[in-house]
Amino acid sequence: MTEDKALFAPIDPIKAGIACACPRCGQGKLYDGLLKVRPACTACGLDYSFADSGDGPAVFVILIIGFVVVGLALWMEVNYNPPIWLHLLLWIPLTIGLSLWLLRVLKSLLIALQYKNKARPGEIDHG
């Protein structure tokens, strides 16, 4: 990532992540579609080529949504003992919806943290 010389007020990475907004200006949208990162910010022109969140957001989504949905399903089974079709009707849409929303937010958050901390790929020091 090249050095950023633009003058913008610092944006809180958490706010930028939740809003799925540009980590530099907080105005432009980060995504072009559901999870495809735009080439650059439409507001300030920041090049998003540095943005590579990898598999981190997916791992967090699996752990968080799995904990929430399995916990709620077990609680409902123990307290109300509904038929299996009701479990399927409730938990499949909830799992898909929460997973897609949380994946967008966590991917945005990790990209905003990469920008704030000037993260780069690792380099080998040859001394």
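This report walks through the helix pairing, the nonpolar cores and a few individual residues of the structure above. The model is a predicted one.

**The α2/α3 pair**

Let's start with the two helices that pack together. Helix α2 covers residues 56-80 and helix α3 covers residues 84-116; their axes sit 9 Å apart, at an angle of about 150 degrees. That angle makes α2 roughly antiparallel to α3, since anything over 145 degrees counts that way. As for handedness, the crossing of α2 past α3 is right-handed.

Who does the touching? On the α2 side the contact includes Phe-60, Val-61, Ile-64, Ile-65, Val-69, Leu-72, Ala-73 and Met-76. Across from them, α3 brings in residues including Leu-90, Trp-91, Leu-94, Leu-98, Leu-102, Leu-103 and Leu-106. Sorted by class, the α2 contact with α3 comes to 18 nonpolar, four polar and two charged residues.

**Two residues within that contact**

Ala-73 is a handy example from α2. Its relative accessibility is 17%, so Ala-73 counts as buried, the cut-off being under 20%. Leaving aside residues up to four places away in sequence, Ala-73 touches His-87 and Trp-91. Ala-73 is also 15 residues from Leu-88 in sequence, with 9.9 Å between their C-alpha atoms.

Arg-24 is 78 residues from Leu-102 along the chain, and the two C-alpha atoms are separated by 21 Å.

Leu-113 is another α3 residue. With 33% relative accessibility, Leu-113 counts as partly exposed. Leu-113 and Gly-33 are 80 residues apart in sequence, and their C-alpha atoms are 21 Å apart in space.

| Pair | Apart in sequence | C-alpha to C-alpha |
|---|---|---|
| Ala-73 and Leu-88 | 15 residues | 9.9 Å |
| Leu-102 and Arg-24 | 78 residues | 21 Å |
| Leu-113 and Gly-33 | 80 residues | 21 Å |

**The nonpolar cores**

Which residues have the most contacts inside the largest nonpolar core? They are Cys-22, Cys-41, Cys-44, Leu-46, Tyr-48 and Phe-50, in a core of 13 residues. Take Cys-44: not counting residues up to four places away in sequence, Cys-44 touches Phe-8, Cys-22, Arg-24 and Cys-25. There is also a second, separate core of nine residues, with Val-61, Trp-91, Leu-103 and Leu-106 among them.

**Two positive phi values**

Now for some backbone angles. Most residues other than glycine have a negative phi. Cys-20 is not a glycine, yet its phi is positive, at about 55 degrees. Cys-20 belongs to the loop between α1 (13-19) and α2. Its relative accessibility is 7%, so Cys-20 counts as buried.

Lys-118 is another non-glycine residue with a positive phi, near 55 degrees. Lys-118 lies in the segment after α3. Is Lys-118 buried or exposed? At 52% relative accessibility, Lys-118 counts as exposed.

Note on methods
Residues numbered from 1 in each chain as written. Predicted model: local features only at pLDDT ≥ 70, side-chain atom pairs only at ≥ 80, totals over all residues. Heavy atoms only, no water. Axes fitted to C-alpha atoms, helices over the stretch in contact; angles between N-to-C directions. Helix = DSSP H or I, 4+ residues; strand = E, 2+ residues; numbered from the N terminus. Parallel < 35°, antiparallel > 145°, perpendicular 65-115°, else oblique. Left-handed = near helix turned anticlockwise from the far one by under 90°. Contact = heavy atoms within 4.5 Å. Nonpolar A, V, L, I, M, F, W, Y, C, P; charged D, E, K, R; others polar. Core = buried A, V, L, I, M, F, W, Y, C linked by side-chain atoms within 4.5 Å. Buried < 20%, exposed > 50% of the residue type's maximum accessible area, 1.4 Å probe, protein only.
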